[in-house]
Amino acid sequence: MPVPRPRTATGTDVTTVTTAPQLTTNVVGLRCRECGTEEELGAHHACGFCFGPLEVVYDETLVAARASRGAIAAGPANLWRYAPLLPALRDGPVPDDLGTGFTRLVAAPRLAARLGLGELWLKDDTRNPSGSFKDRVVSVALQAAHALGIGTLACASTGNLANAVAAHAARAGMPAYVFVPDDLEQAKIVTSAVYGANLVAVRGTYDDVNRLCAEVADARGWGFVNVNLRPYYAEGSKTLGFEIAEQLGWRLPDHVVVPVASGAQLTKVHKAFEELVRYGLVDDHPVRISGAQPAGCNPVAAAYAAGVDDVLPVKPETIAKSLAIGNPADGYYALRAVRQTGGAVADVTDDEIRAGMRLLAETEGIFAETAGGVTIATLRKLAREGVVRADERVVALVTGNGLKTVESLIGHVGPTVAIPPSLEAFERALPATAGGAA
């Protein structure tokens with residue numbers, strides 16, 4: 001299903017292309033995901049023939065020679081330990097700007113027991129430099145921007161990506177422009193502005209923001225990480241899959257539950273598992289991949305439930321603003337990956353999202369943003385329906401820190417009691433119970 005190429009108001013194609021770089025690299029070019037047309041490396045994301053999305057093409061012989069468990073283990077404790085499997089556009093070591101990735105994979109026995117599951121793991125990306133998995137994709141896009149001679153970093157964002165672009169650009173000494181919907185959570189507004197980025201609040205939805213950014217990319221020639229740098233940027237999400245396998249002792253899980261916004265994260269985790277098998281880093285093992293969406297922005301879940309391939313746009317209305325992409329660029333490909341692997345896509349209400357956030361925090365001590373609540377609530381729903389089974393090794397992706405979205409819980413959590421400062425008042429309000437004494 002081809003994706004139309006964005007156009008400016010004058011009708012020109014949005015394909016801001018720099019001079020063809022002269023690079024020695026593990027990447028040989030770009031290829032259309034739909035028609036297979038190949039193009040040179042550059043800052044462009046849409047096929048010149050059919051307007052389909054472009055993907056990075058690797059020198060597979062070179063990758064196979066460089067990628068080994070030993071080489072990865074000897075690498076840095078960040079996502080660049082997987083440099084041979086990523087679009088490193090220059091030979092030699094690729095420095096990480098903020099120490100992104102290689103976040104913990106934590107066993108979740110208490111949550112598993114509450115959900116009636118057996119072996120459950122949480123990929124905890126709340127601890128990335130700017131508090132979400134978006135540091136991964138920005139780290140890769142930033143390296144591509146340097147190699148392609150791009151001096152300004154930019155993005156269209158629902159919040160987390162804006163935080164990451166602002167932070168990484170500050171570390172790299174690059175000017176940054178981040179475009180967001182004007183109704184974003186305040187923590188995400190502040191966490192973008194504090195790094196000194198030019199923060200542009202747009203009156204409209206994320207899809208309105210994205211259309212504007214396509215035009216700005218054409219007019220200004222900036223490196224929009226999720227527009228003209230998207231082929232490189234999206235590859236950063238593969239590192240979630242690489243880390244999961246390595247941290248499981250170079251084994252693949254049975255089932256992974258992934259939050260869905262644009263759909264790129266889910267498709268790239270799927271791709272990561274395929275590449276690990278292709279290069280002999282893990283044994284071949286089927287992995288079922290399921291997607292999680294909020295009911296207020298559920299185009300992929302709706303297509304899955306209807307049994308159709310067309311992912312129709314919706315107008316977002318959900319507390320999970322980081323997943324509020326009504327017209328997901330990779331929705332069709334995420335849906336295809338789910339069906340190919342035997343997974344499912346489900347959606348959950350705002351109340352279920354809040355309950356998911358609280359359940360995760362109460363059982364495993366991880367405070368996730370609303371997207372994490374979507375993942376956990378969807379995991380609970382799929383477990384009840386028997387889609388996620390007790391005999392599976394399950395991994396759930398927790399992709400952002402809850403301090404970014406505290407507004408969603410105001411009025412839903414708070415003090416257990418309010419008392420005057422006396423022991424008598426405390427004892428009246430919270431009398432000792434059996435087993436409660438020290």
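Predicted model: local features only at pLDDT ≥ 70, side-chain atom pairs only at ≥ 80, totals over all residues.
Local features were considered at pLDDT of at least 70 and side-chain atom pairs only at pLDDT 80 or more, whereas totals for chains, interfaces and linings use all residues. Residues are numbered from 1 along each chain as its sequence is written, and side-chain values use heavy atoms, with hydrogens and water left out.

Phe102, which is not a glycine, has a positive phi of about 50°. The residue lies in the loop between helix H2 (69-73) and strand S4 (105-107); helices (H or I, at least four residues) and strands (E, at least two) are DSSP runs numbered from the N terminus. Phe102 is partly exposed, at 26% relative accessibility. For Trp250, phi is likewise positive, near 55°. Trp250 is placed in the loop between helix H9 (238-247) and strand S10 (255-259) and is buried, with a relative accessible area of 13%. Buried denotes under 20% relative accessible area, exposed over 50%, and partly exposed in between (1.4 Å probe, protein chains only).

The second largest pocket holds about 510 Å³ of space. A pocket is an open set of points on a 1 Å grid over the protein atoms alone, where a 1.4 Å probe fits, with protein on both sides within 12 Å along at least five of seven lines; lining residues have an atom within 4 Å of a point. The volume is the space filled by probe spheres set on the points, which are joined across faces, edges and corners. Of the 20 lining residues, Arg33, Glu55, Lys271, Glu274 and Arg278 lie nearest the centre of this pocket. Helix H10 (264-278) is among the elements that each supply at least two lining residues, and H10 gives the most, with seven.
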